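Student: I have a protein model open. Could you show me how to read it, one feature at a time?

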Amino acid sequence: MLVLPSEHRGLFKQPFGTLFPEFSDIVPMVSGRMLCTVGDVVTHSALSRGIIPAVGVIDGLTMRSPYLAMPEISQHILHVKNPAGTITDELVATLKEAVALTPCVIMVDGEEDLAVLPLIKLLPDDALVVYGQPNEGVVLCLVTPELRQRADYLLSCFVRC
């Protein structure tokens, strides 16, 4: 299990990709690309527009409050435990399984936020990862070798336990 030390949490305050005010702003960019969502609100925003994420990662919460607006999910559903501030080996294995099962939703018991990093490492070039930036909008990440290098750097800030 990888644990994010408190002194490195500030690294995750800045968007990991391009910040957009609304999910609707990115809709024209997702056509024809593999799209993965991390977070209940962005996953709901995609599904409610008929956009089926290849992988959606949710935890049933938004800003630490229950998220009850999720539409019915008809994709494969996988379950995994992942405590806050961590990336468990089980989460990484479940992400790999989900990428092979697309479309798939992963229901996380714990917190899903940090799933963005291993997901970026697993996806092919030109795939998209979208996640919510609290009180700011949505972040669109285009998977490239450079983005994977940035993910590697951020992952190097974790401690293996």
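Predicted model: local features only at pLDDT ≥ 70, side-chain atom pairs only at ≥ 80, totals over all residues.

Student: Where is Thr37 placed?

Tutor: Helices and strands are DSSP runs, numbered from the N terminus; a helix is H or I with at least four residues, a strand is E with at least two. Thr37 is in strand S3, residues 35-38.

Student: Is Thr37 buried or exposed?

Tutor: Buried means under 20% relative accessible area, exposed over 50%, and partly exposed in between (1.4 Å probe, protein chains only). Thr37 has 0%, so it is buried.

Student: Which residues does Thr37 touch?

Tutor: Contact means heavy atoms within 4.5 Å. Leaving out residues up to four places away in sequence, Thr37 touches Val42, Thr43, Ala46, Pro53, Val55, Gly56, Val57 and Val130.

Student: With which side chain does the side chain of Thr37 make a polar contact?

Tutor: A polar contact is a pair of N or O atoms within 3.5 Å; within protein, one must be able to donate a hydrogen and the other to accept it, and residues adjacent in sequence count only if both atoms are side-chain atoms. Here the partner of Thr37 is the side chain of Thr43, at 2.7 Å.

Student: What volume does the largest pocket have?

Tutor: On a 1 Å grid over the protein atoms alone, a pocket is an open set of points with protein on both sides within 12 Å along at least five of seven lines; lining residues have an atom within 4 Å of a point. Grid points are joined across faces, edges and corners, and a volume is the space filled by probe spheres set on the points. The largest pocket has about 1,300 Å³.

Student: How many residues line the largest pocket?

Tutor: The lining has 42 residues, and Asp113, Tyr131, Gly132, Gln133 and Pro134 lie nearest the centre. Helix H2 gives the largest share, 4 residues.

Student: Which residues does the "binding site" annotation cover?

Tutor: UniProt positions are given in the numbering used here, feature names are shortened, and annotations may be inferred rather than shown by experiment. The unreviewed UniProt entry lists Asp40, Val41, Val42, Asp59 and Glu112. They span 73 residues in sequence, yet no two of their C-alpha atoms are more than 12.4 Å apart, so they gather at one spot. The lining of the largest pocket includes Asp40, Val41, Val42, Asp59 and Glu112.

Student: Where is Glu112 placed?

Tutor: Glu112 is in the loop between strand S9 (104-110) and H4. At 4% relative accessibility, Glu112 is buried. Beyond four places in sequence, Glu112 touches Val38, Gly39, Asp40, Val57, Ile58 and Asp59. Its contact Asp40 sits in helix H2 and is buried too, at 2%.

Student: Is Ala100 buried or exposed?

Tutor: Ala100 is exposed, because its relative accessibility is 69%. Its place is in helix H3, residues 89-101.

Student: Where does Val143 lie?

Tutor: Val143 lies in the loop between S11 and H5. At 0% relative accessibility, Val143 is buried.

Notes. Residues numbered from 1 in each chain as written. Heavy atoms only, no water. 1 Å grid on protein atoms, 1.4 Å probe; cavity = no way out; pocket = protein on both sides within 12 Å on 5 of 7 lines; lining within 4 Å.
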